[in-house]
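I opened my notebook to look up a few things in this structure. Here are my entries, in the order I made them.

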Amino acid sequence: MKYIKYTFIALFLALAAACSNDDPDYDHSIFDSSAPLRTEFDNWLLKNYTMPYNIEFNYLYNDKLSDNSYNVVPATIENSLALAKLIKHVWLDAYTEVVGDTFVKENSFRVFQLIGSPEYDSQASIVLGTAEGGIQVTLFRVNELDLNNIYVNQEDFYRSHDELPLDLNYWYFHTMHHEFCHILTQTKDYSTDFQTITPKYHSRDWVNVDDKGQAIHEGFITGYASSEYNEDFAEMYAVYVTSSDEEWNQILDQAWVAKYADDDQYQKNPIPVLDADGEKDYSPRELILAKLDIVRTYFANSWGIDLDDLRKVVLRRSNEASFLDLTTLN
Amino acid sequence: MKKTIKIFFALTLAAFAGACTPEVDDVFDDQSAIRIEKAISECDDVLKSAPNGWLMEYYGEADYGGYNVICKFNGDNTVTVANEVYADGSATTHYKLEQSQGVLLSFDEYNKYIHLFSEPKNPFNVGSAGTGFGGDFEFRVISATQDTVKLGGKKHGSRIIMTPLAPDADWDEYCESAAVTEANMSWSTYYVVIGDKQYMLAQSYRTFTYTDEAGQPHTWPYIVTPEGIKFHDPVELDGETFSYFKYSEDHYVKDKYDQDVLAWYDESNANCYLTYEITPPSILLYQKGFYMSPEGASEDFLAAFEAAKSGSASEGEKIGYFYLGPNIKDSGSAFAEWGFQFWSGGYVGAISFLYESSDNYTVTLTPYKTGGNGGYYYNKCGYNTVISLLKGTFTLSVDNDKNPSWIRLTNAANPDSYVTVYANEIDYPFE
């Protein structure tokens, strides 16, 4: 009986020691709750990206948001400002105009990260902008923008991508529309009929499928579209929405069945297959248009977006890009 | 007996109670979050404490050596940077200090004076596309005192030391006098002399490479100060250690061609000095490797380069380099002899030449065998046209006799046929 008493006393002591509290040191917080030092540009971004759309626009280099396997350099503030204004006018506000700001606030990327140089891979080829899981989009080559030569390609879909001045459509806006499409289709799915139209996809071999030499003749809008149906859908959307009528017709004009000479192993020089009357076979064109139809229906039914309305607004705003004042904050 | 058991029991319970308390003694006297905040603020104070800025002995990839970068940290989160590569001017941009496994100093707004070394492709074509100089612009602060700041590159691990610049020193003048010293110490062939032994060095950018008797190369990166050549780490050779060869015009010795040459001593070891020889171009071309380029090539050579480029392209390859010289560093015994060596899409090969020189400015080249993939590219990829143009007797001309950055081979029988080869590595010359 006495032992029980002692046991209880010992237990009580142990518990008492264990229960002594470590209170937080309320007087010494390491979190600085005062407002950070903001430049004029920071305030402009707060007003035009963060407050209306809950978007964080990072122009200074942030190692935690960059891919460690590449060597890159930060962007200049001058070009970051210009790109921030361009993206707002040509991309963000296009969606706001057509669908409304709530839609943008709910679905857009949350983080934009700018990088000054390209990312070169081991073969000295350049990586395009990347988008991570619908949260962040990283845009490269910002330092190469020539502010006196803002160019958004509206004439030649098959212009070489490396030609200067850089085509902002290819290097920035197309990628953003493409990745944004993925965000939307991950939220609301599209018809599985899409996969049946051009069922033979190239998967990882898409890198060898040339846009003009091969892809279009198989009914794929670009080489990347030929990799798998999800990319095909996003490419259809991004290309349609950023192509002028001239470019769209140029693409459809290329959509004939092709064959290749025996020594054309990279399939860069397609030869039209002619029928008995000497006419080209435009069946790939029908495949493209059928896929476009599904894209159009999806956006109308799932999001209430008229694809052609959106396209008109995007094209109009792209044309306005070269007239924007990209150096002053207003 | 009962008492013993009672005491024993009480002691056990007391021990038990002691063991069950979760208290652990603190190792540090403050919490980690507070300590890092303090460290960051102290570091910022140190950085701002140098009134005339810091001299940064900047190293990217060891293969390129060190460069003088000067930076002054201003009070408003900006830093002003200048370097010796861009001879004048400076730029002021944003920097930050934050926590990342210790204190991290980051130059996070583009500043060409520091980001030159991190550009994946720089305007001087140093390094390959995607790597460039292989330099960092984010550094872990290893230690920071008013006399020295030691930095470690975050991505590439380069070790960089910063010392405060003298309060009355002029930035441009410092860089200019370093450039003058470098020009004065610039020759094509160097030797380190220890006692009566001479060790020949190969030079590339700001590194010296010594190849020992076993064929093992040892590369020593260095930076040039107004006073001389300072190695990144002290070098041990033949039982002696040296680290800083100071320029002087006091001591002359004779080179192997019986010319008067200067000897530069290490500041703390009188047993070793750095010297050079005045190498004739015909010997230099044989000893050192030179890279081919379409620049400074005549029409027939340009056409031959085109044929080779198409040949490689038909294999889906790009030509990484065309080289004339002795065994290039990464190749095996198939390249042991002097000749034409190439890299195409990952494949390497050589065509060896017999090399005869009758005087300082004349050589006769005769191709005689292939090595590695040399035969394949010679027969199937149109490299034979380049080789046929390299056969014959050539007159050599250089841009300067001390340390040529290029040598032009002009065909003696047909002066309209010539090609220029360059001392610095040229990657992807035909892209």
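This is a predicted model: local features need pLDDT of at least 70, side-chain atom pairs count only at pLDDT 80 or more; totals for chains, interfaces and linings use all residues.

H7 (residues 229-242) of chain A and H9 (residues 283-303) of chain A pack at about 85°, with axes 10 Å apart. I call the pair H7(A) and H9(A) roughly perpendicular, because angles of 65 to 115 degrees count as such. The axes are lines fitted to C-alpha atoms over the stretch in contact, and angles run from 0 to 180 degrees between N-to-C directions. Helices are DSSP runs (H or I, at least four residues) and strands likewise (E, at least two), numbered from the N terminus.

Next I listed who touches whom, contact being heavy atoms within 4.5 Å. H7(A) brings A:Asp232, A:Phe233, A:Met236, A:Tyr237 and A:Tyr240, and H9(A) brings residues including A:Leu292, A:Val295, A:Arg296 and A:Phe299. By class I noted 9 nonpolar, no polar and 3 charged residues. In this scheme Ala, Val, Leu, Ile, Met, Phe, Trp, Tyr, Cys and Pro are nonpolar, Asp, Glu, Lys and Arg are charged, and the others, Gly among them, are polar.

Then I turned to helix H10 (residues 307-320) of chain A. What covers its buried residues? I found that the cover includes H3, H5, H7, H8 and H9 of chain A. Among the buried residues of H10(A) are A:Leu310, A:Val314 and A:Arg317. Buried means under 20% relative accessible area, exposed over 50%, and partly exposed in between (1.4 Å probe, protein chains only).

Leaving aside neighbours within four places in sequence, A:Asp93 is in contact with A:Tyr53, A:Lys88 and A:Arg317. A:Asp93 counts as buried, at 16% relative accessibility.

I also checked the backbone. The peptide bond from A:Leu164 to A:Pro165 is cis, with omega near 0°, and A:Pro165 is found in the loop between strand E6 (136-139) and H5 of chain A. A:Arg141, in the loop between E6 and H5 of chain A, has a positive phi of about 65° although it is not a glycine. A:Arg141 is buried, at 7%.

I counted 0 disulfides over all chains, a disulfide being a pair of cysteine sulfur atoms within 2.5 Å. For B:Cys43, the nearest cysteine sulfur, that of B:Cys71, is 12 Å away.

For my own reference, residues are numbered from 1 along each chain as written, and chains are lettered from A and ligands numbered from 1 in written order. Local features need pLDDT of at least 70, side-chain atom pairs count only at pLDDT 80 or more, totals for chains, interfaces and linings use all residues, and side-chain values use heavy atoms, without hydrogens and water.

Definitions and conventions
Angles under 35 degrees count as roughly parallel, over 145 as roughly antiparallel, 65 to 115 as roughly perpendicular and the rest as oblique.
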